[in-house]
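Subject: Structure handover

Hello,

My notes on it follow below.

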Amino acid sequence: MKLLLGLGNPGEKYQKTRHNIGFMAVDEFLKASQSVKDTVWTDSKKFKSDIAELVWQPKNGIAEKLLLVKPKTYMNNSGMAARLIADFYHIQEEDIWVMYDDADLQLGKLRIRKGGGSAGHRGIESLLEVFPKGDFWRFRMGIGRPEELANVKGIDTFVLGEFTRQEHAKIRELLPHSVKAMEMALDEGLDAAMNKYNSK
């Protein structure tokens with residue numbers, strides 16, 4: 001079993017913000033994997049998350065259950081929901097894949113890696129509090145950072161803002177691009193996905 005965890009903030013207020021691109025990514029993955037009538041999220045009070053379950057049949061190999069998760073604990077407490085789910089289902093850290101925004105990555109770029117620090121991302125900081133080894137996989141989705149925000153100051157306002165009209169074109173490409181990367185990682189392994197998608 002794998003946990004595909006999108007990071008973001010719950011509620012309509014945050015739905016279209018840059019910080020919620022992790023939510024957008026798991027939404028897009030579910031839409032690509034299921035018929036429209038089956039793309040249903042369940043509000044789980046137990047796990048403090050919206051959850052969707054599906055079975056992934058790789059091109060070669062045995063089928064595997066996937067849990068798609070959007071925590072409702074807000075970004076700064078993402079680790080709380082992830083830990084509850086991982087403990088209940090006995091999911092290992094290396095089977096947790098996290099999709100999230102990265103202001104240090106050029107808009108529209110994708111980078112896959114395992115381990116590392118938080119680089120100041122509050123959601124990753126929260127995950128590292130409950131998974132201190134940091135052995136979960138990260139799908140970093142580039143949202144860019146304006147030159148005037150070269151330092152951390154002002155970044156909160158930026159990530160909680162919505163994408164501009166100019167940025168939307170890149171995001172419309174990035175979301176399906178990220179889904180294809182996840183699909184390839186499930187079918188052929190994370191090394192294959194990194195080799196293909198980290199170079200673009």
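I'll start with strand E5, which is mostly covered: seven of its seven residues are buried. Keep in mind that this is a predicted model. Both faces of E5 are covered. One side carries Ile96, Val98, Tyr100 and Asp102. The other carries Trp97, Met99 and Asp101.

E5 has strands paired with it on either hand. E1 and E5 run parallel, joined by four bridges. Glycine 6 has methionine 99 in E5 as its bridge partner. E5 also pairs with E7, again in the parallel sense, over six bridges. There, aspartate 101 has methionine 141 in E7 as its bridge partner.

Now the whole sheet. It is open, has seven strands and shows mixed pairing. The order is E2-E3-E4-E1-E5-E7-E6. Strands E2 (42-44) and E6 (110-114) stand at the edges with a single partner strand each, so one side of each has no neighbour in the sheet. From one strand to the next, the twist averages 25°. E3 (residues 49-56) and E4 (residues 64-71) run antiparallel, with eight bridges between them. In that pair, aspartate 50 stands opposite lysine 70 of E4.

Which helices lie on the sheet? Helix H2 (residues 78-89) lies across E1, E3, E4 and E5, at about 155° to E4. Helix H3 (residues 122-130) packs on the sheet too, touching E1, E5 and E7. The direction of H3 makes about 150° with that of E5.

Next, the cores. The largest nonpolar core has 39 residues. Ile21, Phe29, Trp97, Met99, Ile112 and Phe139 touch the most other members. Helix H5 gives this core its largest share, nine residues. Isoleucine 21 has contacts beyond four places in sequence, including Tyr100, Met141, Phe163, Ile171 and Leu175.

Last, a helix pair. H5 (residues 165-188) and H6 (residues 190-197) pack at about 145°, with axes 7 Å apart. Their crossing is right-handed. On H5, the contact uses His177, Lys180, Ala181, Met184, Ala185 and Glu188. On H6, Leu190, Ala192, Ala193, Lys196 and Tyr197 take part. By type, the contact residues are seven nonpolar, one polar and three charged.

Best wishes

Conventions:
Residues are numbered from 1 along each chain as its sequence is written. This is a predicted model: local features need pLDDT of at least 70, side-chain atom pairs count only at pLDDT 80 or more; totals for chains, interfaces and linings use all residues. Side-chain values use heavy atoms; hydrogens and water are left out. Two strands pair if DSSP finds at least two bridges between them. Helices (H or I, at least four residues) and strands (E, at least two) are DSSP runs, numbered from the N terminus. Axes are lines fitted to C-alpha atoms, for helices over the stretch in contact, and angles run from 0 to 180 degrees between N-to-C directions. Contact means heavy atoms within 4.5 Å. A crossing is left-handed if the near helix is turned anticlockwise from the far one by less than a right angle, and right-handed if clockwise. Ala, Val, Leu, Ile, Met, Phe, Trp, Tyr, Cys and Pro count as nonpolar, Asp, Glu, Lys and Arg as charged, and the others, Gly among them, as polar. A nonpolar core is a set of buried Ala, Val, Leu, Ile, Met, Phe, Trp, Tyr and Cys residues joined through side-chain atoms within 4.5 Å. Buried means under 20% relative accessible area, exposed over 50%, partly exposed in between (1.4 Å probe, protein chains only).
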